[in-house]
Amino acid sequence: MPSIAQNIYRLKNIGLPAMTSLNDFANEIRLSSGKISYLSSKAESHYKTYYIPKVSGKVRLIAQPSRELKAIQAWILRNILDKLSVSSCSKGFELGTSILDNAIPHIGSNFILTIDLKDFFPNVAASKVYGVFNSIGYNKELSTLLTNLCTYDGGLPQGAPTSPKLANLVCAKLDARIQGYAGSRGIVYTRYADDMTFSANTITKIIKTKQFIGTIISDEGFKINNNKTVVCGTKRQKKITGLILSENNVGIGRMKYREIRVKIHHLFIDKSSDYAHINGMLAYVYSVDRKSYNKLYSYIASLTKKNSSSIAIDNIAAKKITKNYN
């Protein structure tokens, strides 16, 4: 078992706060030890819970931490968790990564398998969160304290700022085991939070992966949402975390492009005034599909020229469409 001095050296070496007690944590975060102890022991009473509907018609439980608890979680995220590296297969919730990074590795593949993990955050057990903090050098007291402050009802709360990063760190072993299977067989694997994607050039590899991968997922404490398990081949549109894969490219796809184009047109003929929504969609397209964005921007420019008397031209939100994306 590593000594206190060894743990402190290890923490300092990787740029983490060298804490060994509640008082150390209180000094670092500049709150009283009594307040932190109270929040740690009564953390579950400091969440507001509510349900939001899923596309499937079911509901998702959101556990929103109080302002005080959320501030502590944000400190833990900024000063500890964000300094830790996750698996190279993990493409979600990391600085500088997006759904585009999750899709690009699969360009050119003939067959795609997508798997959704059921109730992802709640199924990340508190014991595994403890393991993350303990493995980087924090002793039992600190690991327990940090775990209590970041978990809800035995898992990760969907609503806490620490949950996405902790989920990725916990999934490091899952990713390593899956990559060990996939990589040696020429199968590309990426994970965006609870969305797992596998691609290969033969259907046999994909089918074998589908049959075998469930064992690893189950061993690591997760469950597959069978209703969202999809295999796409050469005759079916390949979709990865909302993006459409073609033979040598990835983007929003023709249907989404046409949908946005129609919405923009409605602005200029005064059938809509939802400028904020359109600006948000344009920002999204800009981040994942520059080619489609340029086409939409050119369309906006042409409509501006043709409809110089439109109310949309004088609307401040409409000006943001052209100004923000110039």
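Buried means under 20% relative accessible area, exposed means over 50%, and partly exposed lies in between, with a 1.4 Å probe and protein chains only. Keep those cut-offs in mind for each stop.

This is a predicted model: local features need pLDDT of at least 70, side-chain atom pairs count only at pLDDT 80 or more, and totals for chains, interfaces and linings use all residues. Residues are numbered from 1 along each chain as its sequence is written, and side-chain values use heavy atoms, with hydrogens and water left out.

**The whole chain**

Show the C-alpha trace. Along its principal axes it spans about 70 × 55 × 40 Å. Switch to cartoon. The protein has 15 helices and ten strands. Helices (H or I, at least four residues) and strands (E, at least two) are DSSP runs, numbered from the N terminus. Of the 326 residues, 43% are buried.

Accessible areas come from the Shrake-Rupley method with a 1.4 Å probe; for residues, only the protein chains shown count as cover. Contact means heavy atoms within 4.5 Å. Among contacts between residues at least 6 apart in sequence, 69% join residues at least 24 apart.

**Helix α9**

Select residues 172–183. That is helix α9, with twelve residues. At 1.5 Å a residue it should span 16 Å, and its end C-alpha atoms are 15 Å apart, which agrees. The expected span is 1.5 Å times one less than the number of residues.

Which residues of α9 are buried? Select Leu174, Asp175, Ile178, Tyr181 and Ala182. They cover an arc of only 130 degrees around the axis, so they sit on the same side of α9. The arc is that of the directions from the helix axis to the C-beta atoms. An α-helix has 3.6 residues a turn, so residues three or four places apart point the same way.

**A salt-bridge network**

Stay with α9 and pick arginine 177. Its salt-bridge partner is aspartate 219, with the closest N and O atoms 3.3 Å apart. A salt bridge is a side-chain nitrogen of Lys or Arg within 4 Å of a carboxyl oxygen of Asp or Glu. Aspartate 219 is in helix α10 and arginine 177 in helix α9, 42 residues apart, so this pair links distant parts of the chain. Salt bridges that share partners join Lys128, Lys173, Arg177, Asp219 and Glu220 into one network.

Now select lysine 128 and glutamate 220. Their closest N and O atoms are 3.7 Å apart, and they form a salt bridge. Lysine 128 is in helix α6, and glutamate 220 is in the loop between α10 and β6 (223–224). Lysine 128 counts as partly exposed at 30%. Glutamate 220 counts as buried at 6%.

**One more bridge**

The structure holds eight salt bridges. Go to glutamate 68 and lysine 35, where the closest N and O atoms are 3.5 Å apart. Glutamate 68 is in helix α4 (residues 67–79) and lysine 35 in helix α3 (residues 33–41).

**Last stop: the surface**

Select Tyr51, Val59 and Leu61. They form a nonpolar surface patch with about 300 Å² of accessible area together. Patches are made of residues with over 30% relative accessible area and no salt bridge: like charges are joined within 9 Å, nonpolar side chains (Val, Leu, Ile, Met, Phe, Trp, Tyr) within 5 Å. Tyrosine 51 is in strand β1 (residues 47–53). Tyrosine 51 is exposed, at 56%.
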